[in-house]
Amino acid sequence: MYRIRILSRVLWQQRIHKKSFQVQPCIYTIRQNDFINRRFQSTVAVEDSYIKKFMKAVGWMDQSRTRLKLTGYFLYECVPDKVVYNDWFEKLELPDTFASWFVITELHVWILMVRYMAEDITTSKAEKQKYVKGDGHFVRNCIIEALWADVGNKIKLLEGANPAIARKQVTELSEQFQAALVAYDEGLSDDRVLAAAIWRRFYSLSGDAKAEHVEKIVNFIRHQISLLDKIPSQDLKWKPEIT
């Protein structure tokens, strides 16, 4: 009797174990798949949202911004590629140095900046002009960005360039650049102010500077700004020449 009870108990336990073994995998599989699917869907949604935000932040998904950035870089390339620096050195009696290269390049960059900053000027019904930061401001910043990238590369190529000295030179050039922009801006509506800015920037207020050279640069600026104003942004191709 005791053996029968023990045997019955063992058989009953095996039966329960068998049932649980047969049923449990199905339950576990369903739950596991459900968990995987939910996790996968959630991860994809989060990653997709994060990537989109990141790409938008750096401008990869904003095609208009990408085009504008390329426009800024291509416009800057017009300066070192199209400007005949030797003509400037010879006709304006400037030394053939990196400093002269930068001053000439800086002037052309400023002219491009004037052209694109004008893109953001709007006229209200009251005939009042108002400046609002937009695409023109973005292109302007891209042109400046391209300038400093080029300056950094050129300084590295200078013979015996020391990295610490190079960084100091770039800092000094940046300060001079900002001051030059302000001075040129003030001369936009007054030739005398513009001539003074050119005399200061190109000839360091030297008494040996020739008035006709300063005048030639003033005329060049007026002509180029007028020329660029007549060209639509999408068709803008620039080949500046000093006469």
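Let's start at Ala 211, which sits in helix α8, covering residues 211–229; helices here are DSSP runs of H or I with at least four residues, numbered from the N terminus. This is a predicted model, where local features need pLDDT of at least 70 and side-chain atom pairs count only at pLDDT 80 or more, while totals for chains, interfaces and linings use all residues. Residues are numbered from 1 along each chain as its sequence is written, and side-chain values use heavy atoms, leaving out hydrogens and water.

Ala 211 is exposed, at 58% relative accessible area (exposed is over 50% and buried under 20%, with a 1.4 Å probe and protein chains only). Its C-alpha atom is 8.7 Å from that of Trp 199, 12 residues away along the chain.

Now for the inside. The largest nonpolar core has 51 residues, and Trp 88, Leu 107, Ile 198 and Ile 221 are among those with the most contacts inside it. A nonpolar core is a set of buried Ala, Val, Leu, Ile, Met, Phe, Trp, Tyr and Cys residues joined through side-chain atoms within 4.5 Å. Helix α4 gives the largest share of this core, 12 residues. Take Ile 198: leaving aside residues up to four places away in sequence, this residue touches Tyr 184, Tyr 203, Val 214, Ile 217, Val 218 and Ile 221, where contact means heavy atoms within 4.5 Å.

Helix α4 (98–117) turns up again at the largest pocket, along with α6 (163–186) and α7 (191–203), each supplying at least two lining residues. The most, 5 residues, come from α4.
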